[in-house]
Amino acid sequence: MQRFSMKVWVLLAVGVALNYIGGNIALFLRLPIYLDSIGTIFCAFLLGPIFGMLTGLASGLLGGITTDLFSLYYIPVAMCTGAMAGLVYRRYHKLWQVPLQALVIMVPGTLLSSLITYYLFGGITSSGSSIIVQIIYGLGLSKFWSIVLVQIVTDYCDRLLAVIVAVLVLTAIPARLKQSVLQYKTVNK
């Protein structure tokens with residue numbers, strides 16, 4: 001049987017805290033981006049896809065039961081983001097690849113979030129991007145394509161910012177600490 005090392009637990013808690021704080025800033029300021037995936041992407045880059053998914057799950061649960069009920073419905077998106085970020089970082093880990101990383105991480109989650117937003121909420125959520133959806137819909141584009149268009153733009157901007165922050169933090173962490181976390185992700189009991 002395996003258990004997480006204390007360093008991994010601390011990093012997961014930091015990732016959840018980053019997501020929670022960022023998500024609430026975006027919620028209260030009604031920003032058209034979400035800021036709730038920085039911690040997920042950071043944990044996924046450092047620890048891998050499973051830990052990215054755990055961070056997304058825990059963040060969605062915490063946000064959903066405390067400040068934003070909509071977060072519960074988007075847990076699959078957060079977990080998808082964590083999985084994709086963990087997989088992407090193993091292949092693309094150069095600084096110049098950040099825009100590509102954000103795109104690859106974004107695509108599956110954007111498809112999923114577009115469907116959730118359309119079928120469950122009709123384009124109206126707690127996010128500031130709902131206003132943009134309504135404006136584009138009012139200009140004549142169908143509700144579905146208004147949602148998809150806005151999700152593509154806002155999700156890409158959000159993931160790009162999250163990837164930039166995660167990469168900058170990862171480059172600031174001493175190599176010795178990164179190695180010790182990677183070496184001891186789990187410890188045998």
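Modeller: A nonpolar core is a set of buried Ala, Val, Leu, Ile, Met, Phe, Trp, Tyr and Cys residues joined through side-chain atoms within 4.5 Å, where buried means under 20% relative accessible area with a 1.4 Å probe, protein chains only. This is a predicted model, in which local features need pLDDT of at least 70 and side-chain atom pairs count only at pLDDT 80 or more, while totals for chains, interfaces and linings use all residues. Residues are numbered from 1 along each chain as its sequence is written, and side-chain values use heavy atoms, leaving out hydrogens and water.

Biologist: How many residues has the largest nonpolar core?

Modeller: The largest nonpolar core has 24 residues; among those with the most contacts inside it are Ile41, Phe42 and Ile105. Helices H1 (6–29), H2 (38–47), H5 (75–91), H6 (98–121) and H8 (143–172) each supply at least two of its residues; helices here are DSSP runs (H or I) of at least four residues, numbered from the N terminus.

Biologist: Which helix gives the most to this core?

Modeller: H2 does, with eight residues.

Biologist: And what does Ile41 touch?

Modeller: Leaving aside residues up to four places away in sequence, Ile41 touches Thr81, Ala85, Ile105, Arg159, Ala162, Val163 and Ala166; contact means heavy atoms within 4.5 Å.

Biologist: Changing topic, which element gives the most to the lining of the largest cavity?

Modeller: H1 does, with six residues. The lining of the largest cavity has 38 residues, and Tyr34, Asp36, Asp68, Ser71 and Tyr74 lie nearest the centre. A cavity is a set of points on a 1 Å grid over the protein atoms alone where a 1.4 Å probe fits but cannot get out, and lining residues have an atom within 4 Å of a point.

Conventions: Buried < 20%, exposed > 50% of the residue type's maximum accessible area, 1.4 Å probe, protein only. 1 Å grid on protein atoms, 1.4 Å probe; cavity = no way out; pocket = protein on both sides within 12 Å on 5 of 7 lines; lining within 4 Å.
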